[in-house]
Structures are given as structure tokens and as C-alpha cells.
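This report describes a protein model together with its ligand. Please consult the sequence and the coordinates alongside the text.

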Amino acid sequence: MKKYRIAWLPGDGVGSEVLEATKLVLDALNFNAEYIHGDIGWEFWCKEGDAFPQRTIDLLNNVDAAMFGAITSKPVKAAEQELVPELQGKGLVYRSPIVRMRQLFDLYICLRPTKAYPGNPLNYKDTIDITMFRENTEDMYSGVEFNPVPKELAEVLTKTSKPFERFSKLGLDEYAVSCKVNTRKGSERIIRAAFEYAKNNGKQSVCVVHKANVVRATDGLFFETAKAIAKEYPSIRLDDANVDAITMWLVKNPNNYQVLVAPNLYGDIISDLAAQLVGGLGFGCSGNIGDKLGVFEPSHGSAPKYTGMYKVNPIATILAAKMMLDWLGEKELANRIENATAAVIKEGKVRTYDMGGSNTTLEMGQAIADKV
Ligand code: IPM
Ligand code: MG
């Protein structure tokens, strides 16, 4: 096996704890890799005014894949106040480093498997197996936002849209505009990825999530693109659901869904809901995948209130490492992680607090490492 270069990005809060547990598993597999630490997170925002410094960007340009822990994010004004005094008042604006990373490296697929492992006391149903393809670079995450609204934009809005006439009397700082920007290319590539996955994994249907009846331009484009691409895959059925309805259907009949594909923000929201069906964020793993780089992470946050306690469940991160190995083509190693994780869950002897047990993050990591 070649020796892989893996960027190791613990980030904030419990990020380093869940990565430490994951390392126990990767080492037990004898995965042949050099792990290179990268600086990222709140600490670097406060000290340097940049949560995702250039040296970490350079590192990501020179690795095969990355494991990422978690990030603390705060609203722009609160973030400004935590900068070291020398950097305050310089107009630095906080943006989530993971969102920047996804855009900068064009990690357009956010892959979020939601699989129930039998024996998990937190499962909603033991049979759930849904794979979510979330668009990861555009939509409401485009970063094109205005408050105050520039005069030129205010004029266009007032001219082109009837409802905006009532805003024309407002001051420019009395409203805000966040742009949902979706491209045909961006929609095509995520929808194609979902269909390719369905084809290669024997899934019968792909369900596209949208709100095209109201958000006609952007979601209309997404839905139309899905219909066009579905024609290339005659053996796979295209279903569709409005984003509000899918939250209800996923709770009511989760077994009706195999593959979901959604624009960025809807995918963000639904993937948390889906994670809860199989045990919550302690089980939600995520891959940010582009043509050249894959960055794998748990979908939970930095959990500041548990930081330093080695309490949180590392299974999400361990399953993210499994996704990384799959993506690198190391299928056998990937399967060994999944089988070991499933066995530990089924046995039920080692459980973290979320599962009703009292084992630590590292005890869970070690239990899985012992079974790979
Ligand atoms: C996720 C997270 C991120 C997102 C946050 C941390 C910016 O919720 O990966 O789902 O909104 O994409
Ligand atoms: Mg999220």
C-alpha cells in the first residue's frame, strides 16, 4: 500500500478528542499514512484574524485527504469582539472556515450516510439506510449577502418585484438580503453524483428535495436539472419532495428513502434530522468531496460544554475515517472499520453517555480499534 499524506485538522472544542479516538482505530488497521497537523479554528481567528490560515490552505493542496474535527462559529459582531485588540476595528469579517474550505477546494459533494446499526438504543428504526448528497458550494452558502443593502441593489429590487415596492421607503440598513445562488453546473454535478452512487450501489430511487413551487428560479433549476439527468439513468426512479414535506416523510416512512439529493441549505437541515433517526449527531458522519480532495468530518459541532471531558461519542468521526478510506480506494480497510463499529454497537458493552453508558471517547475508540 502506498504511504498516504493525511492532513489532520482537530479544530476547536471536542474536535481533538474525537480525532484522538479515531487515530486509535486507524493505527490498529496499520493504515500506512503520515499525518500532518494543520492549524484551523477559533484560536487562529482570535490571534491572527484568520480561522483558516494560508499555511493550512497550502497544506491541503499537498495531501491525499484530510480528517477534520470541529469548528466553533460565532456571528460576525461577536467574533470581532474576540479578536486580539491590535486586530479590532480593521474590518476583518469572520466566515466559517469549513464553508470556505468547501468553496476554495471545490468540495462540491457533501456525502452524509445515515445508517442504523442494529443494537444502537438510540435508533428510531433499525432498518434505516439513507444516503444524502448535499450540494456543498453554492445556494444560501454563496456568501453573497448585504446589510445594509447597496443603493443599486435596492433600486433593482424595487423595480423588478412588486412586493419590494413596500420596502422602497425603508432605510438601506433596515433590511438585509442574502442571495441564494444556484448554477446549472453546480446542480448537475451533485445530482449526477447521487445517480452514479445509486447505480453503483443497487439503489432503486433517488429523491430530489426542493421547494420549486415557491422558490421558483433556483429550486426550479435544481428540480429541472434532476429531471434531465434522471433520463440518463432509466433504471433508477426519480422521486421528488418539497423540503417541508420531506421532514415529515422521513419521520413517518424513513424506509421509503434510499438516496436523497438536495441544495446546500436544505441538505444541511435534513441531514441533522436524518442523523437523529439513527442515534443523533454522535453517528452523523460527513465527507466533503471534490475531484482532487476529500475532507472527512463528524457533522456535529465543537460542543464547548463538553470540551476536555472526553465524553462525546467518537463514532461519527470513526465512520468519517471509514468514508475517507473508501474514497481513497482502501475498501478492505474501510469495511473493517464499519464491521468493528457495528460489532461494538451490537454488543452494547461500551457506550458513551449519549447511548446511555458512561464510557469515554477514548474507551469507545479503543473498543472499535480492538475489533478491526
Ligand atoms: C454542517 C455544519 C456547517 C454547515 C456549519 C458548521 C457551518 O452545520 O457541516 O452541517 O452549515 O454546513
Ligand atoms: Mg449542519
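Which residue stands opposite Ala 65 in β3? The residue opposite Ala 65 is Ile 6.

The model is predicted, so local features need pLDDT of at least 70 and side-chain atom pairs count only at pLDDT 80 or more, while totals for chains, interfaces and linings use all residues. Residues are numbered from 1 along each chain as its sequence is written, chains are lettered from A and ligands numbered from 1 in the order in which they are written, and side-chain values use heavy atoms, leaving out hydrogens and water.

Helices (H or I, at least four residues) and strands (E, at least two) are DSSP runs, numbered from the N terminus. Two strands pair if DSSP finds at least two bridges between them. Strand β3 (residues 65-70) runs parallel to strand β1 (residues 4-11), to which five bridges join it. Two bridges join β3 to strand β12 (residues 294-298), also in the parallel sense; here Met 67 has Phe 296 as its bridge partner. Six of the six residues of β3 are buried, where buried means under 20% relative accessible area, exposed over 50%, and partly exposed in between (1.4 Å probe, protein chains only).

Strand β10 (residues 259-262) is covered on both faces, with Val 259 and Val 261 buried on one side and Leu 260 and Ala 262 buried on the other. Four bridges pair β10 in the parallel sense with strand β5 (residues 129-135), and Arg 134 stands opposite Ala 262. Strand β8 (residues 205-210) is parallel to β10 and joined to it by three bridges; Val 206 has Val 259 as its bridge partner.

**Ligand 1**

Arg 134 also belongs to the residues around ligand 1, together with Ser 96, Val 99, Arg 102, Arg 112, Tyr 141 and Asp 268; a residue is near the ligand if one of its heavy atoms lies within 4 Å of it. Two residues of this shell are nonpolar, one is polar and four are charged. In that division Ala, Val, Leu, Ile, Met, Phe, Trp, Tyr, Cys and Pro count as nonpolar, Asp, Glu, Lys and Arg as charged, and the others, Gly among them, as polar. Val 99 and Arg 102 are among the buried residues of helix α5 (residues 97-104).

The table gives polar contacts, each a pair of N or O atoms within 3.5 Å.

| Side chain (N or O atom) | Distance to an oxygen atom of ligand 1 |
|---|---|
| Arg 112 | 2.8 Å |
| Tyr 141 | 2.6 Å |
| Asp 268 | 2.8 Å |

Taken alone, ligand 1 exposes 320 Å², of which the protein buries 74%; accessible areas come from the Shrake-Rupley method with a 1.4 Å probe.

**Backbone exceptions**

Most residues other than glycine have a negative phi, and most peptide bonds are trans. Asp 139, in the loop between β5 and β6, has a positive phi near 65°. Asp 139 counts as buried because its relative accessible area is 0%. Ala 303 has a positive phi of about 45° and is found in the loop between β12 and α11 (315-328). Because its relative accessibility is 24%, Ala 303 counts as partly exposed. A cis peptide bond, with omega about 5°, joins Asn 147 and Pro 148, and Pro 148 lies in the loop between β6 (145-146) and α6.

How values were computed. A polar contact is a pair of N or O atoms within 3.5 Å; within protein, one must be able to donate a hydrogen and the other to accept it, and residues adjacent in sequence count only if both atoms are side-chain atoms.
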